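Please read this briefing alongside the sequence and the 3D view, which follow directly. The points after the lead are grouped by topic.

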Number of protein chains: 2
Amino acid sequence: MGQTTRQKKQILALNAFAADAEAPLPADVADLVARRGRNFGATSVLFYERPLHIVGAKGARIFTADGRSYLDLYNNVPSVGHCHPKVVEAVSRQMGRYNIHTRYLFDEVHDYAERLLAHFPAPLTNVAFTCTGSESNDLALRLIRGATGGQGIVVTETAYHGNTLAVTEVSPSSYKRGTPPAYVRAVPPPHPRHYGADVGAGFAAAITAAAQAMAAEGIPFAGLLVDSIFSSDGVYADPPGFLAPAFAAARAAGGMVIADEVQPGFARTGTHMWGFARHGVVPDVVTMGKPMGNGFPLGGVVTRPDLLQRFADAFGYFNTFGGNPVASAAGLAVLGAIAEDGLMENARVVGGRIVERLTAARARCPAIGEVRGAGLYLGVEIVSAGTGAPDAEGASALINALREDGILIGAAGPLGHVLKVRPPLCLTLDEADRFADAMEKILAA
Amino acid sequence: MGQTTRQKKQILALNAFAADAEAPLPADVADLVARRGRNFGATSVLFYERPLHIVGAKGARIFTADGRSYLDLYNNVPSVGHCHPKVVEAVSRQMGRYNIHTRYLFDEVHDYAERLLAHFPAPLTNVAFTCTGSESNDLALRLIRGATGGQGIVVTETAYHGNTLAVTEVSPSSYKRGTPPAYVRAVPPPHPRHYGADVGAGFAAAITAAAQAMAAEGIPFAGLLVDSIFSSDGVYADPPGFLAPAFAAARAAGGMVIADEVQPGFARTGTHMWGFARHGVVPDVVTMGKPMGNGFPLGGVVTRPDLLQRFADAFGYFNTFGGNPVASAAGLAVLGAIAEDGLMENARVVGGRIVERLTAARARCPAIGEVRGAGLYLGVEIVSAGTGAPDAEGASALINALREDGILIGAAGPLGHVLKVRPPLCLTLDEADRFADAMEKILAA
């Protein structure tokens, strides 16, 4: 963990605004930065050497106070598009009707629960609504610990699953110093670099070994928690199916599996509604967040009724805002937009175009390393032209150059050298070409 | 803790719909109840022997599918009134402009942060926005544990502070079986019944003893976490100032103090914006939730910059939806409504009328015991007419009778015999009289 922690410090610093940077800022930006420092203090993290002062957004476009328009390849929260009219209308309408907790009966809430659950395979038939992915993963940990009687959790080395105390413990990437507790073990992400050609078998063996190591220390195994596209680890999607041996290994060790769908869920991978479904597996618990309400705070846990029952026998649980009538209206509108706007297929086609363009560009741009991912969740390694070594500084420079060119994007991976492409799912082929053109232009310079 | 846990089971069962109840339900309600059971499973908790099927709400009124209108004395989430036009308008407008996480700069977010922080005394000058009270208390625990190096927390016996793993540990009322871990100690709430005439001194002594008991077991003290109106304990507000010795005791024991303002905050107590302010004390950390966005999921932690800095040195922290532009618009509208609608003064006057009416009614209704609280957060003990003993069954029967009479209300306290009066703050004097009249009518019958 020591190395991962050190490496992660680099990421946290990457692409963050530094108050002592020398570049002069426009007056409006400088004023907001100062106010932000006074009000938010140390937990404020702001993107870019020159932060953006945003005044509007639409589709895959973001508008700033200086009159510029940016192509948004970063934001997966407004997943069906910034200010999607269907979501705006649904939230506005329901806000004016009623918005209370769900200890009464409302049609909207149950319409949404059913529409959502229809996207899940048996035996995942129950949903508990929350407000965030963090709350979802926090509840999921309690569910599998309660059901297995275990405490030990296996995650990947640069995993991020949320911000509560319990979820931070299973998020190695959140530790700036120190390491997760003994009941959390991190394994490398599923890539041939770590496991050789048979990624599935190697990843599964690492999980087995981690569970056994905890058991040897008297820590019974509770299960495996994975973001099924390994976004913060650097985006690992292929080959489809590699998660099957991992799930089997976790279960053979007496554990259960939580699939964190905050990043890959809601059609982003282009062929399936959920990242786990690409791998032909069924988790015990599925957690959802970010894209679920297109920016309205909405999360959820979908699981087997027996797990919820075991938990409810021990603890009272209620989430005041979780899935309230307005949240449910937002969630219904998101599911409607995905279907009606054909966003899954769009993610497949447009994501495919980006992969094709950037792969072809490698011949002219040796800084582009591996291009991988699924649908509109892609990782693009930035490497040193000479050595092919990971180039985090190059990635950071590229991110800021793209920003100057009108394109917003971020980075991932333990070294921070993997461009993370995850735009609103309504990105067009023209916009994909615009991004690829900009990459070629900047990297050729 | 054993007794508290057993007692709490009664509360959890109190006023909850039981699927095996014999009363026949209208077809629409029966259908929704069945769907709810299928979709939500064991974590579903539904109010009332005959659940409400809600189709609208306005002010302090809730409308059901059978055409009835209910006076809402239960819901503190829509604190400035159900569907307050100012909040509806603000959310609708901002939803159509932009709604992203706060790693960019937006005017709305900083306008809100400043307007909110203006309500806090020095040295509480930083805010971290969250989505829920649970997330707020989870972060607050991490802040004071990080700052003190301690782990031990003192709470009250029937406290409820939220639903994450870490916050459930400090919420004795959430345990259906078992007890909180050794690093959490519960003390009786501040009432002469437990501490004699000098409630402040007694409560403080109990906190000192709990901290010392943990220290004796090798658990260093982190601090005191209190809901400053002790809502789930049964509502204890008087005399103002009784919290000062408690805060001093916690600090003398090396701990810090978290004031959980999810229940009393945002002007509800009628004379101050925050429950702690009534007591003339300044906490180290203040947590907010429910009423903050009038139903829009919004919470926050206000604290000293040094606590945030110490935390941020150790952990990355970011809350994706927390205080996003739409949440900030909702929060700003709530602060505006409190000021423009005169809701603090209204809470004082209308709450005072309820206390006056119910206190006067005791001569005719011996089932009414102690009437206590502040502003529009009141506790009304329901007791056996003969013995004066707490009467949880009587409270439950009264709650259901009031529901039949068109008034919604709930219960609190370890035995569940304390009616909890916490309506939207726009409740009128006529509505207060309507409630008092109904109480007298039902209790006289």
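In chain A of this predicted model, the axes of helix H8 (residues 199–216) and helix H9 (residues 243–252) come within 7 Å and cross at roughly 20°. That angle makes H8(A) roughly parallel to H9(A), a label given to angles under 35 degrees. Axes here are lines fitted to C-alpha atoms, for helices over the stretch in contact, with angles from 0 to 180 degrees between N-to-C directions, while helices (H or I, at least four residues) and strands (E, at least two) are DSSP runs numbered from the N terminus.

**The helix pair in chain A**
- H8(A) passes H9(A) in a right-handed crossing, meaning that the near helix is turned clockwise from the far one by less than a right angle.
- From H8(A), A:Gly200, A:Ala201, A:Phe203, A:Ala204, A:Ile207 and A:Thr208 meet A:Leu243, A:Pro245, A:Ala246, A:Ala249 and A:Ala250 of H9(A), where contact means heavy atoms within 4.5 Å.
- The residues of this contact divide into 9 nonpolar, 2 polar and no charged; Ala, Val, Leu, Ile, Met, Phe, Trp, Tyr, Cys and Pro count as nonpolar, Asp, Glu, Lys and Arg as charged, and the others, Gly among them, as polar.

**The interface of chains A and B**
- In the contact between the two chains, 96 residues of chain B face 96 residues of chain A.
- About 8500 Å² is buried between chain B and chain A, with carbon and sulfur atoms giving 59% of that area; buried area is the accessible area (1.4 Å probe) that two parts lose on being put together, summed over both.
- B:Tyr104, B:Leu105 and B:Phe321 supply 9% of the area that chain B buries against chain A, more than any other three residues.
- The rule finds 4 salt bridges across this interface, each a side-chain nitrogen of Lys or Arg within 4 Å of a carboxyl oxygen of Asp or Glu.
- A salt bridge joins the side chains of A:Arg35 and B:Asp111, at 2.7 Å from N to O.

**Backbone details in the loops**
- Most residues other than glycine have a negative phi, and most peptide bonds are trans.
- The peptide bond from A:Asp238 to A:Pro239 is cis, with omega near -5°, and A:Pro239 lies in the loop between strand E7 (221–227) and H9 of chain A.
- In chain B, a cis peptide bond with omega about -5° joins B:Asp238 and B:Pro239.
- A:Phe230, in the loop between E7 and H9 of chain A, has a positive phi near 50°.

**How to read the values**
- Residues are numbered from 1 along each chain as its sequence is written, and chains are lettered from A in the order in which they are written.
- Local features need pLDDT of at least 70 and side-chain atom pairs count only at pLDDT 80 or more, whereas totals for chains, interfaces and linings use all residues, and side-chain values use heavy atoms, leaving out hydrogens and water.

Conventions: Angles under 35 degrees count as roughly parallel, over 145 as roughly antiparallel, 65 to 115 as roughly perpendicular and the rest as oblique.
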